[in-house]
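Let's take a friendly look at a protein together with its ligand. Please keep the sequence and the 3D view at hand while you read.

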Amino acid sequence: MSRSAHPAGPRHADVLPEGHYSAPPADLNALDPKVWAETVTRDADGVLTVGGIDVKRLAEEFGTPAYFLDERDFRARARAWRTAFGGDADVFYAGKAFLSRVVVRWLDEEGLNLDVCSGGELATALSGGMPAERIAFHGNNKSVAEIRRAVEAGVGRIVLDSFQEIVRVAHIARELGKRQRVQIRITVGVEAHTHEFIATAHEDQKFGIPLAGGQAAEAVRRALQLDGIELIGIHSHIGSQIFDMSGFEVAAHRVVGLLREIRDEHGVELPEIDLGGGLGIAYTSGDDPREPHEIAKALTEIVTRECEAARLTTPRISVEPGRAVVGPTAFTLYEVGTVKPLEGLRTYVSVDGGMSDNIRTALYDAEYSVALASRVSDAEPVLCRVVGKHCESGDIVVKDAFLPGDLAPGDLIAVPATGAYCRSMASNYNHVLRPPVVAVRDGEARVIVRRETEEDLLRLDVG
Ligand code: LLP
């Protein structure tokens with residue numbers, strides 16, 4: 001295929017369509033370390049490499065689309081979370097962001113615990129060798145079978161999400177002759193996303209038991225009476241992709257307030273407090289996430305201060321980062337199939353995946369970056385929209401981004417920061433096969449989740 005510039009390709013200066021973009025970056029070939037995994041760089045030929053392997057070789061061996069996960073980066077981030085809190089807290093990786101048995105092993109080796117929220121995630125965690133006592137089991141509607149399996153396996157904690165579940169778990173544990181350690185998830189009236197948080201009225205959701213109206217206190221009263229469960233703490237999760245710590249501050253204040261009420265009413269000081277996950281990452285150069293050590297310091301200070309004010313012994317803190325561990329560690333590699341310049345608008349770049357491997361843009365209007373990966377280019381930047389191959393116009397991977405004007409079919413492009421909630425939310429829409437996840441480290445690449453095949457699809461279709 002020729003790599004000549006598009007005849008009628010819109011230039012950035014020509015177009016003013018709505019969108020999130022600003023000016024094109026000074027150097028389109030540069031890789032902002034904020035959004036790319038640690039070992040990603042360009043080789044002497046300008047080809048993107050990860051873990052010492054270039055993407056042309058990776059595409060040849062594993063095909064596209066595919067997620068390439070930088071093992072060194074994953075381990076470094078996991079370790080950073082672990083060491084940030086020292087021995088004073090527990091870090092539970094949120095498996096919903098991305099889970100596979102190899103990842104479970106890395107987490108185990110790096111000293112992290114694991115939060116699961118379904119029977120499938122629990123099975124993966126156990127099969128991957130995570131010791132059951134380091135697993136927390138979440139969910140607003142765990143089935144009886146799931147609860148039974150978790151209790152039998154000996155999970156370290158079940159996070160209770162409703163009045164019915166308090167009784168259900170206590171009953172199942174008693175039947176099994178066990179006393180299950182539990183936390184109660186409460187809603188503290190805080191919802192936080194990115195730079196904003198709202199500290200009223202967000203009890204209106206399916207998760208947790210509202211603090212408002214004394215419901216959480218009533219849940220604690222009931223839990224303390226049941227001998228099948230041992231209440232070890234209170235849990236709160238306030239949102240996703242959060243950069244601003246003030247939402248956590250309000251949440252900690254309210255959770256500690258409940259701990260004080262519990263102490264005053266029951267003479268019991270609960271030993272644990274879980275502040276959930278939700279810490280943000282950089283999807284584009286405009287995002288400025290905090291480092292784990294800053295977050296750990298801030299959270300520890302908030303909880304310690306609140307507890308001192310309430311004259312409580314500071315409980316053991318736990319957190320549940322998912323995105324902030326795995327998100328930045330992977331990119332999705334696509335092959336460009338067609339390039340369609342729309343005069344006065346933008347250029348539509350179609351790739352061989354789409355909303356089936358990254359639903360986040362369609363679902364949340366999420367922003368991503370993108371780079372030409374198989375080569376560098378000096379061509380003028382062109383405003384592009386990277387779209388998938390699905391039969392839906394909302395099938396957008398990267399809404400607005402600048403790519404070189406000589407982009408052509410056969411080029412490889414890479415979308416960074418797709419480690420979290422992309423493979424785990426992938427679908428078979430249009431019977432498109434879900435891509436593999438390939439872990440790369442020190443010149444070696446290995447498939448940790450294989451590509452789906454047509455046989456996989458047909459096996460489920462029993463005819
Ligand atoms: N703990 C609890 C109880 C949670 O509900 C979640 C996420 C986490 C921890 C991990 O949050 P993280 O640190 O990964 O933000 N699919 C959405 C995110 C949904 C998150 C649901 N709960 C997305 O793609 O942005």
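What follows is a short tour of the ligand's surroundings and then of one proline. Keep in mind that this is a predicted model.

**Around the ligand**

Start with the shell of 19 residues around the ligand, where E320, R323, R360, Y364 and Y421 come nearest. By type, the shell residues divide into 6 nonpolar, 7 polar and 6 charged.

| Protein atom | Ligand atom | Distance |
|---|---|---|
| E320, polar side-chain atom | nitrogen | 2.7 Å |
| G322, polar backbone atom | oxygen | 3.0 Å |
| R360, polar side-chain atom | oxygen | 2.5 Å |

On its own, the ligand has 580 Å² of accessible area, and the protein covers 89% of it.

**A look at P210**

Now find P210, which belongs to strand 12 (residues 209-210). Is P210 buried or exposed? Its relative accessibility is 15%, and because buried means under 20%, P210 counts as buried.

Which residues is P210 in contact with, leaving aside its neighbours within four places in sequence? They are T187, E203, Q215 and A216.

How values were computed. Residues are numbered from 1 along each chain as its sequence is written. This is a predicted model: local features need pLDDT of at least 70, side-chain atom pairs count only at pLDDT 80 or more; totals for chains, interfaces and linings use all residues. Side-chain values use heavy atoms; hydrogens and water are left out. A residue is near a molecule or strand if one of its heavy atoms lies within 4 Å of it. A polar contact is a pair of N or O atoms within 3.5 Å; within protein, one must be able to donate a hydrogen and the other to accept it, and residues adjacent in sequence count only if both atoms are side-chain atoms. Accessible areas come from the Shrake-Rupley method with a 1.4 Å probe; for residues, only the protein chains shown count as cover. Ala, Val, Leu, Ile, Met, Phe, Trp, Tyr, Cys and Pro count as nonpolar, Asp, Glu, Lys and Arg as charged, and the others, Gly among them, as polar. Helices (H or I, at least four residues) and strands (E, at least two) are DSSP runs, numbered from the N terminus. Buried means under 20% relative accessible area, exposed over 50%, partly exposed in between (1.4 Å probe, protein chains only). Contact means heavy atoms within 4.5 Å.
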